Amino acid sequence: MSSNPIRQSWYEASARARIAALVDPGSFSEFIGPEARETSPHLPIFDLPRQFDDGIAVGAATMDGTPVLVAAQEGRFMGGAFGEVHGAKLTGLLRAAATLKRDVVIAFDTGGVRLQEANAGELAIAEIMRAVLDARTAGVRVIGLIGGRAGCYGGGSLIAGCCSTLVISEQGRLSVSGPEVIETNRGVEEFDSRDRALVWRTMGGKHRYLIGGVDAYVDDDAAAFRTATLAAFARPATFDPSVLAAEQTRLEARLTQFGSAIDGRDVWTTLGITDAATIPDLATADFLAAATHRESADDAR
Amino acid sequence: MQTLRYDIAAPRAAGGTRTIALVGVVASGNLEVLLERGGPADRCTIEIATTAQGFDDLWAAVTADVVAARGGGGLRIAINDGGARPDTVALRLAQGIRLIEEPVA
């Protein structure tokens, strides 16, 4: 919170600590909290431990006095992965948002679908994507925040792609396939998952901001995420065929423009950034100044 | 999966008025502790779900130690264990009892 002089790292915070820092103090009331013990029915089959909230906290709160709905994934429990209950909690929250006409904020921290409940998890992703689009059709904004240790991968990235606005920090990563998945399937020559700099040039927060994959770039600071979320709530909630057509046009142009680039740096150079190699080292203010040539999806999301 | 249950004599009742507290996370070497009010003021019940077999005596010793030192009477404590070491368990239990005793903001 802005009155707190000590910066709170978003990356290091737990799901509940993120919610506490995001919303007005004391305003969060949780739905199906840990005391309900609504745990995974699948994990015991594999003799794996369950978590009381199945790795996600959802509920209602206010931000600057305005009622909102909020969800946060716990990236440390099974990599924040979606299981049946985890997914159902988010689906329910989004359906409530459409009915109540309340904006939603989702703090992503996920590797995708939980392998031990793959079918239920994949179905959950589909249901959540539908619920996001139904909520947006009802005029609700769905804001995604990405800056956790697990990043936002797999089905989580597909849900993120349906959001009205995405906010990311340098630590955030957004991609359908994670580094290890690409390396396993295509070989280390294609993608070396242990090359951290390469990983961040390809799916990290700065790169995603530069190519318009996300809409706002903030410090790894809970207060900065809150400020960016409030700004996102002030944007238009337009969601109609013209928005989808604009996004299609933007993505086609991106393919033409960057299709031959083999590294993030080539993309940044093509964007007109003079010293692309320095991008990963820039502090937030300098990076935002250098990012004036960035692609934006302002009319296309 | 093994479920262990302990009903421990507590030297004093847990203070405060919070109805629930949650600390920790189910991750490797960590554990989740859910504390709720319930039961006699001089007893603390602890239920543990763990996949690590054969550590019953250790769990009994650690939970008895924490309750003797921190009180926790009138609490029902539930634990999901991710393979935490005894020192981590003791710290999480102490953290949980302190949290539920904290004044409501």
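Visitor: How many residues of chain A are in contact with how many of chain B?
Guide: In this predicted model, 13 residues of chain A are in contact with 15 residues of chain B. On the side of chain A that touches chain B, the residues divide into 5 nonpolar, 3 polar and 5 charged.

Visitor: Which scores does the model carry?
Guide: Where pLDDT is low, the predicted coordinates should not be read in detail. Chain B averages a pLDDT of 96, and 100% of its residues score at least 70. For the model, ipTM is 0.94 and pTM is 0.95.

Visitor: In what order do the strands of the sheet in chain B stand?
Guide: Strands of a sheet pair through backbone hydrogen bonds, either parallel or antiparallel. In chain B, 5 strands form an open sheet with mixed pairing, in the order E1-E4-E5-E3-E2. E1 (2-9) and E2 (20-24) of chain B stand at the edges with a single partner strand each, so one side of each has no neighbour in the sheet. Neighbouring strands here are turned by 15° against each other on average, with direction ignored.

Visitor: Which helices of chain B lie on that sheet, and which strands do they touch?
Guide: Helix H1 (residues 56-70) of chain B packs on the sheet and touches E1 and E4 of chain B. The direction of H1(B) makes about 35° with that of E1(B). Helix H2 (residues 86-101) of chain B lies across E2 and E3 (31-37) of chain B, at about 35° to E3(B).

Visitor: In what sense does E5(B) pair with E4(B), parallel or antiparallel?
Guide: E4 (residues 43-50) and E5 (residues 75-81) of chain B pair in the parallel sense over 6 bridges. Thr45(B) has Arg76(B) in E5(B) as its bridge partner. E3(B) and E5(B) run antiparallel and are joined by 7 bridges. Arg76(B) in E5(B) also stands opposite Glu36(B).

Visitor: What hand has the β-α-β unit made by E4(B), H1(B) and E5(B)?
Guide: The unit of E4(B), H1(B) and E5(B) is left-handed.

Visitor: Why is E5(B) described as largely enclosed?
Guide: Of the 7 residues of E5(B), 5 are buried, so the strand is largely enclosed by the rest of the structure. Buried here requires 20 or more other C-beta atoms within 10 Å.

Visitor: In chain A, what is the strand order of the 7-stranded sheet?
Guide: The 7 strands of this open sheet of chain A follow the order E1-E2-E3-E4-E5-E7-E9, with mixed pairing. At the edges stand E1 (29-31) and E9 (216-218) of chain A, each with a single partner strand, so one side of each is left without a neighbour in the sheet. The twist from one strand to the next averages 25°. E7 (residues 165-169) of chain A pairs with E9(A) in the parallel sense over 3 bridges. Within this pair, Ser169(A) stands opposite Val218(A) in E9(A).

Visitor: Which strands does helix H1 of chain A touch?
Guide: H1 (residues 15-22) of chain A packs on the sheet, touching E2 (56-63), E3 (66-73) and E4 (104-108) of chain A. The direction of H1(A) makes about 160° with that of E3(A). Helix H2 (residues 84-100) of chain A lies across E2, E3 and E4 of chain A and runs at about 25° to E2(A).

Visitor: Where does Asp299(A) lie?
Guide: Asp299(A) is in the segment after helix H11 (284-290) of chain A. With 13 other C-beta atoms within 10 Å, Asp299(A) is partly exposed. Asp299(A) and Ala246(A) are 53 residues apart in sequence, and their C-alpha atoms are 6.8 Å apart in space.

Conventions. Residues numbered from 1 in each chain as written. Chains lettered and ligands numbered in written order. Predicted model: local features only at pLDDT ≥ 70, side-chain atom pairs only at ≥ 80, totals over all residues. Pairing = 2+ DSSP bridges. Helix = DSSP H or I, 4+ residues; strand = E, 2+ residues; numbered from the N terminus. Axes fitted to C-alpha atoms, helices over the stretch in contact; angles between N-to-C directions. Contact = placed C-beta atoms within 7 Å. pLDDT = per-residue confidence, 0-100. Nonpolar A, V, L, I, M, F, W, Y, C, P; charged D, E, K, R; others polar. Buried ≥ 20, exposed ≤ 12 C-beta atoms within 10 Å, placed from the backbone. Right-handed = clockwise from strand over helix to strand, strands pointing away.
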